[in-house]
Amino acid sequence: MSLVKLVGKVQPTEIYNLAAQSHVQVSFDAPEFTADVDAVGVLRILEAVRTNHLEKTCKIYQASTSELYGKVEEVPQNENTPFHPYSPYAVAKLYGYWIIKEYREAYDMFCCSGILFNHESERRGETFVTRKITLAAARIAQGKQDKLYLGNLSSLRDWGYAKDYVECMWLILQQEKPEDFVIATGVQHSVREFAYHAFKAAGMELKFEGEGIDEKGICVAGPANLVGKTLIEVSEDFYRPTDVVNLWGDPTKAREHLGWNPQKTSFEQLVAIMVKHDMEKVAAEHVASVMRTNLAEYLEKGVVK
Ligand code: GDP
């Protein structure tokens with residue numbers, strides 16, 4: 001009801017539905033909540049638009065996901081690749097994708113799905129693997145953390161920069177005809193490679209040794225106190241009941257129809273942006289904590305009131 005009222009009050013000409021429980025691992029623990037928000041939530045927005053009779057004037061963008069390809073049936077994945085969702089999150093998102101298509105065909109609404117591959121930035125949630133790595137690299141470099149524990153290091157992703165992807169969402173709604181698009185960089189890297197580059201950007205060179213659960217990332221160059229130390233270890237806690245391990249997008253349609261450049265920000269630039277941000281964040285946290293300690297001492301001694 002609140003959505004219906006809000007849409008009636010705002011009378012939007014474009015809606016971008018980015019709302020979701022978007023963490024795959026969390027969806028195994030909270031599958032019903034995930035389905036309510038990520039599947040039925042999309043239907044509620046479509047119905048809010050119809051109830052307000054805005055179906056001819058309001059365009060809708062639905063944030064769909066490469067997780068739909070899940071246990072992938074072909075590489076790289078494009079708009080015609082069959083879906084094989086492989087988590088409660090992906091199953092819920094598949095409903096969102098199909099209900100958008102259904103309303104487009106049944107009611108002639110301008111509603112589209114952007115099938116976005118992983119898009120990262122300095123604003124990424126701290127439990128997603130990229131941000132978890134860049135924050136840990138910054139903390140380890142500044143002596144605030146000893147080690148980083150990760151799950152499947154061999155998992156492959158097509159990681160892009162969120163800012164570039166948001167531009168593409170807008171472009172999708174500016175087309176003549178409503179259509180779905182794959183948005184990806186077309187370049188694939190492993191979690192191990194992301195960690196290697198992030199630690200390097202933070203001043204530590206890693207060498208990976210061992211396999212599976214016994215694999216370790218050892219510092220072979222960098223600050224003297226870290227060289228020879230194991231900075232990354234694998235923990236079963238971060239393995240998933242079913243894991244999507246080979247995502248690789250084909251952005252040809254977006255490049256040709258939208259004039260979008262999938263390579264605007266390279267993988268190396270993305271890692272550098274995230275590490276720079278987190279190095280500054282960790283340094284600022286340190287300064288703030290020193291200031292708090294000093295202030296407490298001054299207050300105690302009566303130096304300041
Ligand atoms: P997702 O692609 O939306 O699931 O994004 P994530 O960043 O959560 O995970 C990307 C891949 O990294 C998945 O295949 C995970 O299994 C893998 N991975 C390995 N270690 C970790 C970890 O410690 N945390 C998370 N979140 N993912 C990890």
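The legends below describe an overall view and several close-up views of one predicted protein model with a ligand.

Residues are numbered from 1 along each chain as its sequence is written, and side-chain values rest on heavy atoms, with hydrogens and water left out. Because the model is predicted, local features need pLDDT of at least 70 and side-chain atom pairs count only at pLDDT 80 or more, whereas totals for chains, interfaces and linings use all residues.

**View 1**
Helices (H or I, at least four residues) and strands (E, at least two) are DSSP runs, numbered from the N terminus. Taken along the principal axes, the C-alpha atoms fill a box of roughly 65 × 55 × 35 Å. Of the 305 residues, 44% count as buried, where buried means under 20% relative accessible area, exposed means over 50% and partly exposed lies in between (1.4 Å probe, protein chains only). The accessible surface comes to about 15,200 Å², and 54% of it belongs to carbon and sulfur atoms; such areas come from the Shrake-Rupley method with a 1.4 Å probe, and for residues only the protein chains shown count as cover. Among contacts (heavy atoms within 4.5 Å) between residues at least 6 apart in sequence, 73% join residues at least 24 apart.

**View 2. The ligand in the largest pocket.**
A pocket, found on a 1 Å grid over the protein atoms alone, is an open set of points where a 1.4 Å probe fits, with protein on both sides within 12 Å along at least five of seven lines, and a molecule sits in a pocket if more than half of its atoms lie within 2 Å of its grid points. Around the ligand there are 18 residues, of which Lys132, Gly151, Ser155, Arg157 and Arg240 come nearest; a residue is near a molecule if one of its heavy atoms lies within 4 Å of it. An N or O atom in the side chain of Arg240 is 2.7 Å from an oxygen atom of the ligand, while for the side chain of Asp243 the corresponding distance to a ligand oxygen atom is 2.9 Å. A polar side-chain atom of Asn118 likewise lies 2.9 Å from an oxygen atom of the ligand. Taken alone the ligand exposes 530 Å², and the protein buries 97% of that.

**View 3. Arg124 in the loop between β4 (119–120) and α5 (129–141).**
With a relative accessible area of 18%, Arg124 is buried. Leaving aside neighbours within four places in sequence, Arg124 is in contact with Asn118, His119, Thr130 and Arg131.

**View 4. Ser64 in strand β2 (residues 59–65).**
Ser64 counts as buried because its relative accessibility is 6%. Residues up to four places away in sequence not being counted, Ser64 touches Tyr97, Ser113, Gly114, Ile115 and Leu116.

**View 5. Ala92 in helix α4 (residues 88–107).**
The relative accessibility of Ala92 is 3%, so this residue counts as buried. Beyond residues up to four places away in sequence, Ala92 touches Thr34, Ala35, Asp38 and Ala39. Ala296 lies 204 residues from Ala92 along the chain, and their C-alpha atoms are separated by 50 Å.

**View 6. Leu299 in helix α9 (residues 267–301).**
Leu299 is partly exposed, since its relative accessible area is 46%. Its neighbours within four places in sequence set aside, Leu299 is in contact with Val304 and Lys305.

How values were computed
A polar contact is a pair of N or O atoms within 3.5 Å; within protein, one must be able to donate a hydrogen and the other to accept it, and residues adjacent in sequence count only if both atoms are side-chain atoms. On a 1 Å grid over the protein atoms alone, a cavity is a set of points where a 1.4 Å probe fits but cannot get out, and a pocket is an open set with protein on both sides within 12 Å along at least five of seven lines; lining residues have an atom within 4 Å of a point.
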